[in-house]
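Subject: Structure for your files

Hello,

Here is the structure I said I would pass on. My notes on it follow below.

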Amino acid sequence: MFSKACEYAIRASIFIAEQSLLDKKVSLKDIAKAIDSPEAYTSKILQQLSRNNVIQSDKGPTGGFSMNKQELDKVRLSTVVTAIDGDAIYNSCGLGLKNCNEEMPCPAHNQFKIVREELKIMLEETFVKSLTPDFKDGLTFLRR
């Protein structure tokens, strides 16, 4: 459903948020290792997240990636998804057809429309910060 880049972006955002709550900035290398992603690919994803103001990137010896602790209550999963994949997940065809719409629906259009709507609600109602406690407590994981 999400692109591979978007999956990595969500995982990276959760990791960065968890570390930011501990007042830590994290390096590209640490993020790539934590989310099991190639460094070069992770770098491009982090650049997109930074350009879209989801994360902060600081250069230099005390640099690294972080998220503003005061803003963490406002960062929704939908923000991360939109920064990487745009809004296609909310209006694309479940079968990948380009001309599928309300007037000319594909065979799965009406069923997939329900899934898209539920997904949109979940992404808009879930904050990245809310996903950090289970990860920190070892109840969830970010690596395969």
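**Overall layout**

From one end of the sequence to the other, the pattern of the chain is α-α-α-β-β-α-α-α-α. That gives seven helices and two strands, where helices (H or I, at least four residues) and strands (E, at least two) are DSSP runs, numbered from the N terminus.

This is a predicted model, in which local features need pLDDT of at least 70 and side-chain atom pairs count only at pLDDT 80 or more, while totals for chains, interfaces and linings use all residues. Residues are numbered from 1 along each chain as its sequence is written, and side-chain values use heavy atoms, with hydrogens and water left out.

pLDDT is the predictor's confidence in each residue, from 0 to 100. The chain averages 91, and 92% of the residues score at least 70. Among the elements, α3 has the highest mean pLDDT (97), and helix α7 (residues 132-136) the lowest (72). Where pLDDT is low, the predicted coordinates should not be read in detail.

The C-alpha trace spans about 55 × 30 × 30 Å along its principal axes. The accessible surface is about 8,700 Å², and carbon and sulfur atoms hold 52% of it; accessible areas come from the Shrake-Rupley method with a 1.4 Å probe, and for residues only the protein chains shown count as cover. Of the 144 residues, 38% are buried. Buried means under 20% relative accessible area, exposed over 50%, and partly exposed in between (1.4 Å probe, protein chains only). Contact means heavy atoms within 4.5 Å. Of the contacts with a separation of 6 or more, 68% are between residues 24 or more positions apart.

**Helix α3**

Helix α3 covers residues 39-51, and its 13 residues should span 18 Å at 1.5 Å a residue; the end C-alpha atoms are 18 Å apart, which agrees. The expected span is 1.5 Å times one less than the number of residues. Thr42, Ile45, Leu46 and Leu49 are the buried residues here. Seen down the axis, the buried residues of α3 fall within an arc of 100°, so they line one face of the helix. The arc is that of the directions from the helix axis to the C-beta atoms. These buried residues pack against α1 (4-21), α2 (28-35), β2 (64-66) and α4 (77-85). On the face turned away from the buried side, Ala40, Lys44 and Arg51 are exposed.

**Helix α6**

His109, Phe112, Arg116, Leu119 and Leu123 are buried in α6. Down the axis of α6, the buried residues lie within an arc of 85°, so one face of the helix is lined by them. Their cover includes α4 and α5 (88-91). Exposed on the other side of α6 are Asn110, Gln111, Ile114, Glu118 and Glu125.

Ser92 sits in the loop between α5 and α6 and is partly exposed, at 30% relative accessibility. Not counting residues up to four places away in sequence, Ser92 touches Phe112 and Arg116. Ser92 and Arg116 are 24 residues apart along the chain, and their C-alpha atoms are separated by 8.8 Å.

**Strand β2**

Ser66 lies in strand β2 and is buried, with a relative accessible area of 8%. Apart from neighbours within four places in sequence, the contacts of Ser66 are Ile16, Ser20, Lys25, Ile55, Gln56 and Asp58.

**Cysteines**

How many disulfides are there? With a disulfide taken as a pair of cysteine sulfur atoms within 2.5 Å, the count comes to zero. The sulfur of Cys100 has its closest cysteine sulfur in Cys106, 3.7 Å away, which is too far for a bond. Cys106 is in no disulfide, and its nearest cysteine sulfur, that of Cys93, is 3.7 Å away. Cys100 is buried at 16% relative accessible area, and Cys106 is buried at 9%.

**Positive phi**

Asp23 is not a glycine, yet has a positive phi of about 60°. Asp23 lies in the loop between α1 and α2 and is exposed, at 62% relative accessibility. Asn53 follows α3 and has a positive phi near 60°. Asn53 is in the loop between α3 and β1 (56-58) and is exposed, with a relative accessible area of 69%.

Regards
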